[in-house]
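Please look through the structure below with two kinds of boundary in mind: one inside a chain and one between chains. The paragraphs after it take these in turn.

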Number of protein chains: 4
Amino acid sequence: MSTDVPDELVAVRRRLHKRPEPAWREFYTTAVLLEELRTRDLDELHYGRDIHADGTRMNIPDDEELELWRSRAIEAGADPETVAELGDGFTGAIAVLKRGEGPTVGLRVDIDGLPILEADEEDHTPTAEGFRSKNEGYMHACGHDAHATIGLGVLDAIADSDFQGTLKVFFQPGEEAIVGGKPMAESGHLDDVDSLLAVHIGLDHPSGEVVAGIEGFLAVTQFRATFHGSPAHAGARPEEGDNAVQAMATAISNLYGIARHADGETRVNAGLVGGGTATNIIPEEAFIEGEVRGETTELMEYMVDRADTVLESAAEMHNCTVDLEELGEAPSAVSDDELISIVSSVAGETAGVSSVIDRDTLGGSEDATYLMQTVQAQGGTAAYVGVGTNHPGGHHTRTFDVVESDIQIAIDVLTGSIQRVAAES
Amino acid sequence: MSTDVPDELVAVRRRLHKRPEPAWREFYTTAVLLEELRTRDLDELHYGRDIHADGTRMNIPDDEELELWRSRAIEAGADPETVAELGDGFTGAIAVLKRGEGPTVGLRVDIDGLPILEADEEDHTPTAEGFRSKNEGYMHACGHDAHATIGLGVLDAIADSDFQGTLKVFFQPGEEAIVGGKPMAESGHLDDVDSLLAVHIGLDHPSGEVVAGIEGFLAVTQFRATFHGSPAHAGARPEEGDNAVQAMATAISNLYGIARHADGETRVNAGLVGGGTATNIIPEEAFIEGEVRGETTELMEYMVDRADTVLESAAEMHNCTVDLEELGEAPSAVSDDELISIVSSVAGETAGVSSVIDRDTLGGSEDATYLMQTVQAQGGTAAYVGVGTNHPGGHHTRTFDVVESDIQIAIDVLTGSIQRVAAES
Amino acid sequence: MSTDVPDELVAVRRRLHKRPEPAWREFYTTAVLLEELRTRDLDELHYGRDIHADGTRMNIPDDEELELWRSRAIEAGADPETVAELGDGFTGAIAVLKRGEGPTVGLRVDIDGLPILEADEEDHTPTAEGFRSKNEGYMHACGHDAHATIGLGVLDAIADSDFQGTLKVFFQPGEEAIVGGKPMAESGHLDDVDSLLAVHIGLDHPSGEVVAGIEGFLAVTQFRATFHGSPAHAGARPEEGDNAVQAMATAISNLYGIARHADGETRVNAGLVGGGTATNIIPEEAFIEGEVRGETTELMEYMVDRADTVLESAAEMHNCTVDLEELGEAPSAVSDDELISIVSSVAGETAGVSSVIDRDTLGGSEDATYLMQTVQAQGGTAAYVGVGTNHPGGHHTRTFDVVESDIQIAIDVLTGSIQRVAAES
Amino acid sequence: MSTDVPDELVAVRRRLHKRPEPAWREFYTTAVLLEELRTRDLDELHYGRDIHADGTRMNIPDDEELELWRSRAIEAGADPETVAELGDGFTGAIAVLKRGEGPTVGLRVDIDGLPILEADEEDHTPTAEGFRSKNEGYMHACGHDAHATIGLGVLDAIADSDFQGTLKVFFQPGEEAIVGGKPMAESGHLDDVDSLLAVHIGLDHPSGEVVAGIEGFLAVTQFRATFHGSPAHAGARPEEGDNAVQAMATAISNLYGIARHADGETRVNAGLVGGGTATNIIPEEAFIEGEVRGETTELMEYMVDRADTVLESAAEMHNCTVDLEELGEAPSAVSDDELISIVSSVAGETAGVSSVIDRDTLGGSEDATYLMQTVQAQGGTAAYVGVGTNHPGGHHTRTFDVVESDIQIAIDVLTGSIQRVAAES
């Protein structure tokens with residue numbers, strides 16, 4: 001077994017890297033993946049409306065934005081028919097491989113990019129080697145291009161192996177905006193999955209290090225609160241205004257003041273705010289895009305309840321109204337001991353792996369947790385696997401990159417683990 | 001005509017000065033006045049429950065406090081039977097003198113003291129001459145002892161004059177707490193008053209100066225907001241608390257932020273606040289005693305509406321409730337030109353008066369406005385007269401005092417004006 | 001004397017109306033005015049850097065923005081050489097007409113447009129008659145196109161009259177942003193002005209009504225506060241952030257809470273605010289564009305002092321820094337009795353004028369006050385004249401328009417007044 | 001071995017229960033303890049100024065308050081000479097017993113009461129059996145009367161045993177106000193202590209249950225912030241005030257908004273606040289008594305830094321000053337495994353003990369941590385032992401009480417542990 005990643009996979013990874021697309025706009029990415037998947041001998045291939053539970057997609061871009069990204073995708077070479085089939089952002093895909101009797105094992109990889117301007121210095125490998133982002137202002141700065149590639153590689157490796165059972169690979173859109181997990185988790189395609197693995201590359205672990213079970217996902221809800229008041233001339237008639245910015249400011253101060261919870265970590269942030277039109281007009285509108293998190297889903301819900309109360313009362317205090325919209329959501333989740341034990345054992349025997357850690361903490365959020373919870377709720381097991389890579393810049397920075405050979409380590413560890421799961425069931 | 005004030009009146013003024021009593025606790029003061037009034041040849045003398053409209057008295061002290069002041073009054077020499085007749089603080093009196101056909105003219109004087117510790121230095125005349133307050137911590141620091149005395153003096157002077165008509169002198173309690181005006185204004189005793197004069201001594205005008213019409217009363221409402229939440233251990237269970245102090249703080253910040261009004265001056269103050277029990281307990285209760293004012297009654301009502309919204313929303317924001325209680329209230333009012341003109345003319349001819357100003361602005365609040373408005377609303381006229389005095393300390397300070405001979409100037413100006421009003425009607 | 005406005009002036013007015021330009025970007029407007037002025041027999045014509053005192057221009061657009069408007073101006077037909085002479089926004093012009101011995105009288109008219117999208121309905125005259133704004137999103141919604149035209153008309157009328165003295169017409173840029181008055185006031189061109197008239201059309205007065213002296217200008221300062229903090233991941237490392245949005249929110253709440261001032265009206269508004277980058281990042285930057293006003297310049301300065309303290313302390317409270325930048329400023333001002341009396345008298349005799357009001361209150365701000373104060377400070381007189389017009393929509397709304405014949409009324413009243421000033425001096 | 005507690009100890013416990021005294025006022029309690037200790041055969045007995053490190057005592061009551069409690073103590077029967085020796089609140093005692101060669105083992109018990117009004121219902125045992133608090137409004141509502149008794153009981157039991165070494169019992173004052181630990185910890189008397197045990201009764205563990213190592217002490221700092229501004233008449237001159245209540249309110253809102261820390265639990269509370277004098281006066285003074293906590297001392301210090309910045313900036317924002325005073329402080333601490341193991345083992349063999357738990361979490365704060373840290377810093381070991389009791393009401397409630405026979409369990413477990421520590425050293 002070698003850690004050389006096949007040229008075809010490197011090519012796919014770089015093709016994806018050149019066209020990073022944000023949530024619900026992964027038209028090119030999905031088209032490329034479907035193109036690749038169609039060349040493989042699969043038993044089922046699902047995409048479009050079918051892989052998203054009705055009414056669960058949040059924070060969908062408007063028509064203009066969707067059209068923009070569809071055009072970009074086609075311009076970049078995506079099959080126009082496929083793009084049309086993806087409609088208003090029903091991106092992502094599910095590939096199914098059946099190999100005789102055995103359990104159904106799932107693998108979840110995410111595929112979306114970030115609104116970050118990629119480094120253009122020559123010491124940034126994608127720049128030097130010509131696969132820097134062509135979607136200016138967007139970047140695969142969290143390795144999801146590698147994740148999608150890993151999904152393809154595992155399909156290939158399992159197809160070539162003696163695996164007995166069914167493998168389902170979930171190419172999930174919209175992870176960064178935490179909007180893609182729920183629709184896929186509730187689509188029905190997970191109903192027969194006995195064990196689920198999810199994977200992330202990097203996470204500040206070096207090349208050669210594998211974490212069998214990443215934990216400490218904070219449950220998160222992202223929201224947009226839009227305050228509506230009434231404008232008035234700030235000099236001539238200040239009393240006629242219902243000041244949406246004053247409501248917003250009071251809400252911000254009090255959101256951060258939500259009582260800490262003794263049961264565990266909580267978080268709150270008013271991350272993007274704005275309001276008003278001109279210095280001499282009492283502000284008519286204002287908004288807060290923010291988030292709350294909790295070490296458990298319950299703690300997150302405690303924060304949601306308190307935050308809603310703050311937002312509504314702050315509006316009322318200034319004779320305004322407020323619209324509350326959920327932008328994205330992810331629960332907390334834990335990895336199961338038995339899967340961790342399998343991954344840990346397989347990783348220990350995998351070429352290129354020099355260090356195996358059983359459990360480590362993420363500290364952020366992830367909506368793979370929706371898929372993990374769905375499988376666990378029906379009696380199955382789940383684990384979130386970390387595969388280290390020497391990334392030059394941190395996650396979500398303009399100089400992030402992955403060591404491509406680590407993609408093969410991930411493929412090997414996951415393939416071995418999937419085989420072991422099937423064998424031990 | 002001379003500016004020597006009769007010894008008997010000086011004696012009364014000093015007797016009152018020695019026993020300052022705050023709102024609804026003027027038991028001794030009322031008893032002394034009734035004792036004095038009963039020696040005069042009056043046509044009617046009203047006091048007790050009869051001179052206060054039902055259900056209009058606000059901010060009434062609790063039983064213990066009332067009992068304390070009744071005892072003090074009796075101890076100081078008040079007639080126990082009279083004190084008993086005043087019940088739970090139905091203080092004040094109305095004296096009526098009828099002298100043939102003619103209009104009914106009212107004079108309103110206030111009688112209550114302030115919670116201020118009087119100066120005990122020898123250069124403070126009441127100390128030097130032995131009539132410093134015996135009610136330690138309370139003081140006639142705004143000249144209401146002089147006002148009550150003026151009321152008696154005018155009764156005497158009118159009785160001795162050729163005045164044709166009816167004179168009613170209103171000895172009003174509870175001006176400082178702005179609680180005494182409304183009950184008397186709505187008692188029915190003003191229903192036949194054609195013209196009303198009110199008087200105040202000092203107001204930063206020197207001895208010898210008279211202001212025919214004081215104006216610029218800010219309408220005011222004083223309130224108490226009590227926030228009720230739930231306590232919790234601040235270390236072990238902060239999330240279980242509903243934090244009344246946090247609600248209070250948000251309310252304070254937003255009360256001061258109520259939009260200024262283009263129609264005129266507004267005011268707001270959270271003048272006395274508090275909450276909580278101990279550093280390690282999430283605060284269960286908090287309160288704000290505050291006030292809002294407006295250049296007009298409408299402006300004050302605008303502030304009341306906005307303040308109520310702030311207080312209620314702030315409570316709700318922190319899962320608390322709030323009780324809103326009105327502590328006192330006074331509207332705005334203006335003086336009528338024709339009365340101003342009479343007072344101004346009379347003052348110009350009065351011995352001891354060296355300067356007459358037609359109109360000047362107060363900038364504070366006064367509940368004589370209730371009585372003025374009542375008379376004006378039934379077609380009558382009203383004016384608020386200022387009589388200067390060289391007061392050594394400012395109003396509401398521990399060294400305030402009046403020049404006693406200025407009491408006689410006030411009596412003369414008011415008596416002359418009342419006669420003129422009757423003559424010209 | 002007739003109220004028919006000459007076709008040439010109507011043509012100029014409509015030409016200007018089609019090309020509204022905001023502060024420091026009045027390249028086309030200035031070029032058209034210079035073109036017009038050059039056809040007249042003037043004694044002096046000043047423009048460019050010479051008419052703006054060094055270092056007094058505030059809120060200057062960046063190079064890109066200036067270049068954009070220069071290009072637009074040239075594209076619309078402005079003389080490229082003239083545009084080049086206006087440099088980085090040294091817009092506006094001063095025209096001087098000398099007619100023998102006599103006083104120097106100034107007339108100030110403003111020339112800038114507003115960032116408002118003009119109505120495109122057919123019942124909006126500029127739309128129906130083809131002179132709706134071509135600068136989409138900008139509009140002469142306050143009549144400054146008429147003001148500039150009035151300036152030309154008065155020059156013509158005075159040139160044709162028996163006026164003895166010097167007339168200076170100040171075509172001032174940047175009134176709406178209150179940035180144009182100070183540079184012109186301090187340029188030296190006002191040093192010999194004995195009497196100054198300023199004019200505004202409309203102001204909710206109907207056609208045929210003239211206000212000899214508009215008053216009640218609130219002194220104003222507009223500012224931009226930019227808060228700088230440090231970003232951090234809101235889930236993983238909230239404590240590492242220095243939260244600029246939290247600083248901003250605290251500042252907003254406390255700005256509105258600046259104590260009201262007993263000496264007169266004050267105002268404060270946080271009219272345009274924003275901050276942060278994404279829900280999951282502790283906000284690194286935030287800003288407030290706001291304003292404070294006062295009934296007098298002193299009251300405005302009280303507000304500025306308090307506001308600065310609030311902004312700086314709010315930054316410090318959250319370990320942020322804040323940059324304070326002044327965007328615009330105008331003092332308060334009063335009109336002189338003698339000028340009011342002249343204008344009032346002239347207006348009473350002017351054709352088309354059916355009603356003359358001596359004084360009325362504006363309630364907003366204006367930087368003509370800078371020019372008025374400069375003249376008054378050197379012993380001269382000033383008045384701000386209102387000329388009514390039946391404007392279908394309010395000032396600063398998308399349906400604002402003027403009745404063009406009222407332009408002639410303004411020209412007649414001002415011309416007559418200027419003649420009378422010279423005659424009576 | 002029996003769980004019957006000797007009558008003499010019950011008598012002492014009840015004597016102390018009748019006279020609960022708060023921090024630095026434990027004159028009677030100390031006098032009773034010294035009286036008891038003097039009847040025992042001790043090698044050393046320390047008290048007064050000697051057992052408190054210079055300059056480390058915080059939140060000392062004023063002279064009047066100290067005198068009040070000294071008088072009460074003497075009135076209740078305390079030896080006047082002893083009370084005099086305790087001076088200005090140098091309360092508490094250290095008893096030393098030397099029994100041959102061996103390690104020095106310390107036992108820390110606290111002795112102070114709480115400002116809580118004790119239940120007077122007959123179903124409250126102290127009421128029924130006549131030892132309810134005579135210091136009305138104060139109560140031993142946290143079992144420190146039992147703790148002091150345990151200290152005496154352990155001295156007796158060790159004296160009767162074959163223990164080889166030195167036993168030091170620290171009768172510590174001022175735990176509830178977290179002011180007593182530091183002075184004793186730094187007094188030098190701990191310098192030779194090799195192992196330290198602290199004990200607490202109850203803590204929601206039932207009779208018969210022992211916790212070998214209580215953990216999860218939150219480090220805490222309690223503070224008082226006093227804001228000083230300037231008063232002004234709220235109607236006549238609001239702008240002349242510097243509003244201390246507005247500063248306080250802004251501080252409160254922002255204190256609760258201090259960013260959560262990813263390294264562990266933090267807390268903040270504005271537990272007792274107040275300000276202002278009257279509704280119509282701009283508040284001149286205000287205060288916040290509050291606390292911050294952290295899961296570690298570092299986290300607590302993070303909170304202190306942020307809180308100080310908030311308090312100082314809030315003052316500055318409203319032109320006020322603020323005085324910051326530390327009221328009390330305690331670090332975090334952990335129990336050592338080897339001591340836990342000894343206590344656990346001994347408890348398992350102790351009569352009356354039905355359940356032994358190795359570690360449990362407190363969730364509050366304790367200043368025994370100062371003594372524990374001091375011993376650990378010099379290479380020694382420490383553990384905080386919990387001894388269950390069926391307390392009818394919760395800690396710090398008016399119906400709290402202990403089962404007296406559990407005092408003997410505590411004595412037995414501690415005595416056995418101390419012997420074992422000496423034997424195993």
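Chain A is divided into domain 1, made of residues 7-216 + 333-424, and domain 2, residues 219-330; such bounds come from an automatic or database domain assignment. This is a predicted model, in which local features need pLDDT of at least 70 and side-chain atom pairs count only at pLDDT 80 or more, while totals for chains, interfaces and linings use all residues. Residues are numbered from 1 along each chain as its sequence is written, chains are lettered from A and ligands numbered from 1 in the order in which they are written, and side-chain values use heavy atoms, with hydrogens and water left out.

Taken over C-alpha atoms, the centres of domain 1 and domain 2 of chain A are 34 Å apart. Where the two domains meet, 13 residues of domain 1 are in contact with 10 residues of domain 2 (contact means heavy atoms within 4.5 Å). The size of an interface is often given as the accessible area lost when the parts come together. Between domain 1 and domain 2 of chain A, the buried area is about 820 Å², with 47% of it on carbon and sulfur atoms; buried area is the accessible area (1.4 Å probe) that two parts lose on being put together, summed over both. On the side of domain 1, M58(A), I178(A) and S365(A) lose the most area to domain 2, together 53% of what that side buries.

How many salt bridges are there between domain 1 and domain 2 of chain A? The count is one, where a salt bridge is a side-chain nitrogen of Lys or Arg within 4 Å of a carboxyl oxygen of Asp or Glu. The side chains of K182(A) and E329(A) form a salt bridge, at 3.7 Å from N to O.

The second boundary lies between chains. Chain D and chain A each bring 14 residues to their contact. About 1000 Å² is buried between chain D and chain A, and carbon and sulfur atoms give 37% of that area. R260(D), E265(D) and R267(D) supply 55% of the area that chain D buries against chain A, more than any other three residues. On the side of chain D that touches chain A, α8 (244-256) and β9 (266-276) of chain D each supply at least two residues (helices, H or I of at least four residues, and strands, E of at least two, are DSSP runs numbered from the N terminus). The largest share of that side, three residues, comes from β9(D).
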